[in-house]
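Please keep the sequence and the 3D view open as you go.

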Amino acid sequence: MAILALGYNVNNIRYADDTVLIAENKDDLQKLLNIVEEESRKKGLELNSKKTEVMVISRKQEPPKCDIFINDAKLKQQDKFKYLATIITSDSRNKNEIAARIAHAKTSFQKMRAVLTNKHISIQTRKRDLQCYIEPILLYGCEAWTISKQMEAKLEATEMWFLRRMLRISWTERKSNETVLTEANSRRSLIKTIRKRQATFLGHVMRREKLEHLITTGKLDGKRGRGIQREKMMDGLKRWLGSGSSTETMTAMGHRELWRNMIADASKHGTG
């Protein structure tokens, strides 16, 4: 896979010593890795084959095999890996990452259970604690999520999971979500928060016109697969904003005040 943006081929992503090399095929990836290995050796550095892995992003159920070597040592092929605390999978979906975020958030909630379920503390204070300490764990990296209807339902269920435990409501009481929201003096806001963060982040990316802008507006080589196409992050964002085409939406991002007003309006009326 190569990302082509205005003639710019993005073949690597680097953060400190965490580096991702990107290529369209096995041969190009091996050549790219050889260059990195050779240049590293000139500086007295050595690539560790045990800490270097390869992954193929593909629409196929079973990703193609990709044999890549460092000094005759074959690299292990994975179907997912973690980069900057975010799970990247071979099908390029966010399902695993969102599920992991939910699990981390619930674990953190349990660690703070004594505070978050304490009825001697007002529910408003506990909700602010939840927003301050638990929500950032849940929403880490959400600016890049593409949320399917299934994942949206899981996120909303997680939001209710928090409230039910904060109010100490057992499932045996068979209280509806609407009743729980009323008792908590609250309303669903998680999906709206995610959309707002995505819109704000994309606005920054478009106006900066740096590498992130190139990647976001670039195109991938190849043809679209048959059948129903996957929903893109921009599709969900457009639906929330109530905007027109992607071109119109991205044009609006370039105008700070217009974009802020669109986000503010969607925050009041958007449905997620």
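In which helix do Asp235 and Lys238 both lie, and how many residues apart are they? Both belong to helix α9, three residues apart, or about one turn of the helix. Helices (H or I, at least four residues) and strands (E, at least two) are DSSP runs, numbered from the N terminus. Asp235 and Lys238 form a salt bridge, with 4.0 Å between the closest N and O atoms; the term stands for a side-chain nitrogen of Lys or Arg within 4 Å of a carboxyl oxygen of Asp or Glu.

The model is predicted: local features need pLDDT of at least 70, side-chain atom pairs count only at pLDDT 80 or more, and totals for chains, interfaces and linings use all residues. Residues are numbered from 1 along each chain as its sequence is written, and side-chain values use heavy atoms, with hydrogens and water left out.

## How α9 packs

Two packed helices are described by the angle between their axes and the distance between the axes. Helix α7 (residues 190–208) packs against helix α9 (residues 233–241) at about 110°, with the axes 10 Å apart. The two helices, α7 and α9, are therefore roughly perpendicular to each other. Axes are lines fitted to C-alpha atoms, for helices over the stretch in contact, and angles run from 0 to 180 degrees between N-to-C directions. Angles under 35 degrees count as roughly parallel, over 145 as roughly antiparallel, 65 to 115 as roughly perpendicular and the rest as oblique. On the α7 side, the residues that meet α9 include Lys192, Arg195 and Leu202, and those in α9 include Met233, Leu237 and Trp240.

Helix α10 (residues 246–253) also meets α9: their axes come within 11 Å and cross at roughly 75°. That makes α9 roughly perpendicular to α10. Met234, Leu237, Lys238 and Leu241 in α9 meet Ser246, Thr249, Met250 and Met253 in α10.

## Other salt bridges

The whole structure holds 10 salt bridges. One joins the side chains of Asp67 and Lys74 at 3.1 Å, N to O; Asp67 is partly exposed at 32%, and Lys74 is exposed at 52%.

Another links Arg260 with Glu257, whose closest N and O atoms are 3.3 Å apart. Both residues lie in helix α11 (residues 256–269), three residues apart, about one turn of the helix. Arg260 is partly exposed at 47% relative accessibility, and Glu257 is partly exposed at 48%. Elsewhere, salt bridges that share partners join Glu173, Lys175 and Glu183 into one network.

## A buried strand residue

Val54 sits in strand β5 (residues 53–54) and is buried at 5% relative accessible area. Its C-alpha atom is 6.5 Å from that of Leu75, 21 residues apart along the chain. Not counting residues up to four places away in sequence, Val54 touches Leu29, Cys66, Ile68, Leu75, Lys76, Gln77 and Gln78.

Definitions and conventions
Contact = heavy atoms within 4.5 Å. Buried < 20%, exposed > 50% of the residue type's maximum accessible area, 1.4 Å probe, protein only.
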